[in-house]
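Subject: A structure for you to look at

Hi,

Here is the structure I promised to pass on. Have a look at it first, and then read my notes below.

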Amino acid sequence: MAEPLADDFGREVTGVRISLTDRCNFDCIYCHNEGLGDTRGPMEPSPDEMSADDVVRFLEVVEGYGVDSVKFTGGEPMLRQDLEEIIERTPDSMEVSMTTNGTFLPGRAEDLKAAGLDRVNVSQDALDPDDFAEVTKSGAYEQVLEGVRAAVDAGLDPVKLNMVVFTHTAGYVEEMVDHVAENEGLQLQLIEYMPELTGKPEWNVDIGRVHDWLAEEADRVEHREMHDRKRYFVGEDASGEGGGMVEIVDPVENEEFCANCGRVRVTHEGYLKGCLNRNDDLRSMGEMSREEIAETFEAVVENRVPYYGEYLVENDEGEYEFNEKYLGTPSTAD
Ligand SMILES: Nc1nc2c(ncn2[C@@H]2O[C@H](COP(=O)(O)OP(=O)(O)OP(=O)(O)O)[C@@H](O)[C@H]2O)c(=O)[nH]1
Ligand SMILES: C[S@@+](CC[C@H](N)C(=O)[O-])C[C@H]1O[C@@H](n2cnc3c(N)ncnc32)[C@H](O)[C@@H]1O
Ligand code: SF4
Ligand code: SF4
């Protein structure tokens, strides 16, 4: 396996996150859409989306740069009817995961597993259909629960439930923690609400309080290398068996998180992006020949910088402001 490329901050790029589409059948009120803009709009496939051939060629090229994991996301990645084909053709050396709203998993989870999908993250923000509908603007609550079951049954485990913690959902944290502790095959990711791309800072919930509460509840705590995320193990029996794992994803104003960020993003239109929160570092891969992909990937890695602590720096008042060095960085997105 090739040595991964490292950026100027010593961060090795070992993973890629590919947005297969920016379309979605939900309209979650908090959605950052991986920095791609609004998900609303026509549901039909758009000619701007990378073809299966493009996605596979990209993965084959970055495999040669030591990338060993790929996450398929969106928009809603399961709106792509060629998803199974893409996964089937993904290089065998890569761990393959997907983040989905879960609605299309019933009836498709087994095919995805057979195609080579290793595991899945399913967004589920509440344990009540009305609150779920208020957040997602969708009535598909039962379908999502069924999707989670289908994923567990198909062996796409661990199935991580993604819950965005903000004012509308904070009341469900405890119940969701119990839910994963009691149900085998499930884990929980509590995602700090990120206002950077979506505004509404008034929806923020102090994630430090969730850490404190979990530290009290947990039998043990681990650190994950990626993003330096904390993992809390709850509800284990005396021999350390059973129970559930809860991971906190807390990127907001978190320099440690950014210092341990080793993933490059790919937009549905075939642009590379060094950071979720930036839209001024997009680079087109053009016609997506192997040479163009390789050159663009090398350039993106070379230019990526931690968002908090470098692209944004703390001023004397303790507030983050743009580092002048990066203002006016030319984008090749046009
Ligand atoms: N700012 C920032 N947020 C991230 C990053 N990675 C994940 N997140 C947040 O966490 C959400 C859920 O991430 P997922 O797509 O489920 O994947 P993941 O948790 O990063 O990856 P796995 O745990 O390996 O499955 C993202 O949509 C973001 O809101 C990151 O690198 N930077
Ligand atoms: C953009 S969605 C794409 C994949 C799929 N449609 C889904 O919802 O799982 C990926 C993840 O981003 C999370 N997310 C979206 N907007 C967010 C925000 N403003 N803050 C934190 N997480 C957010 C969602 O909850 C979801 O788990
Ligand atoms: S399901 Fe995912 S992509 Fe769709 S609106 Fe919700 S968070 Fe955004
Ligand atoms: S550098 Fe960007 S993508 Fe990476 S963790 Fe920080 S905000 Fe997220």
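C275 is in contact with D281, R304 and Y307, once its neighbours within four places in sequence are left aside. It lies in the loop that runs between strand 11 (271–273) and strand 12 (283–284). Do keep in mind that this is a predicted model. C275 counts as buried, because 20 other C-beta atoms lie within 10 Å and the cut-off is 20 or more.

C258 sits in helix 8 (residues 255–259). This cysteine is buried too, with 23 other C-beta atoms within 10 Å. Not counting residues up to four places away in sequence, C258 touches P306, Y307, Y308 and G309.

Now to the ligands. Around ligand 1 there are 16 residues, and the closest are T99, N121, V249, P251 and L276. Strand 2 (69–73), strand 3 (95–100), strand 5 (159–165) and strand 6 (186–192) each supply at least two residues of this shell. By class, the shell of ligand 1 holds six nonpolar, seven polar and three charged residues.

Ligand 3 is surrounded by 13 residues, with C24, F26, C28, C31 and N101 the closest. Its shell divides into four nonpolar, seven polar and two charged residues.

One helix is also worth a look. Which residues of helix 6 (residues 173–182) are buried? They are M176, V177 and V180. Seen down the axis of helix 6, the buried residues fall within an arc of 100°, so they line one face. As background, an α-helix has 3.6 residues a turn, so residues three or four places apart point the same way. The buried residues of helix 6 pack against strand 5, strand 6, strand 8 (230–234) and strand 9 (244–249). On the other side of helix 6, E174, E175 and E182 are exposed.

Finally, the confidence scores. The chain averages a pLDDT of 93, and 96% of the residues score at least 70. For the complex, the predictor gives an ipTM of 0.98 and a pTM of 0.96. Where pLDDT is low, the predicted coordinates should not be read in detail.

Best wishes

Terms used: Residues are numbered from 1 along each chain as its sequence is written. Chains are lettered from A and ligands numbered from 1 in the order in which they are written. This is a predicted model: local features need pLDDT of at least 70, side-chain atom pairs count only at pLDDT 80 or more; totals for chains, interfaces and linings use all residues. Helices (H or I, at least four residues) and strands (E, at least two) are DSSP runs, numbered from the N terminus. A residue is buried if 20 or more other C-beta atoms lie within 10 Å of its own, exposed if 12 or fewer, and partly exposed in between; C-beta atoms are placed from the backbone. Two residues are in contact if their C-beta atoms, placed from the backbone, lie within 7 Å. A residue is near a molecule or strand if its C-beta atom, placed from the backbone, lies within 6 Å of it. Ala, Val, Leu, Ile, Met, Phe, Trp, Tyr, Cys and Pro count as nonpolar, Asp, Glu, Lys and Arg as charged, and the others, Gly among them, as polar. pLDDT is the predictor's confidence in each residue, from 0 to 100. The arc is that of the directions from the helix axis to the C-beta atoms.
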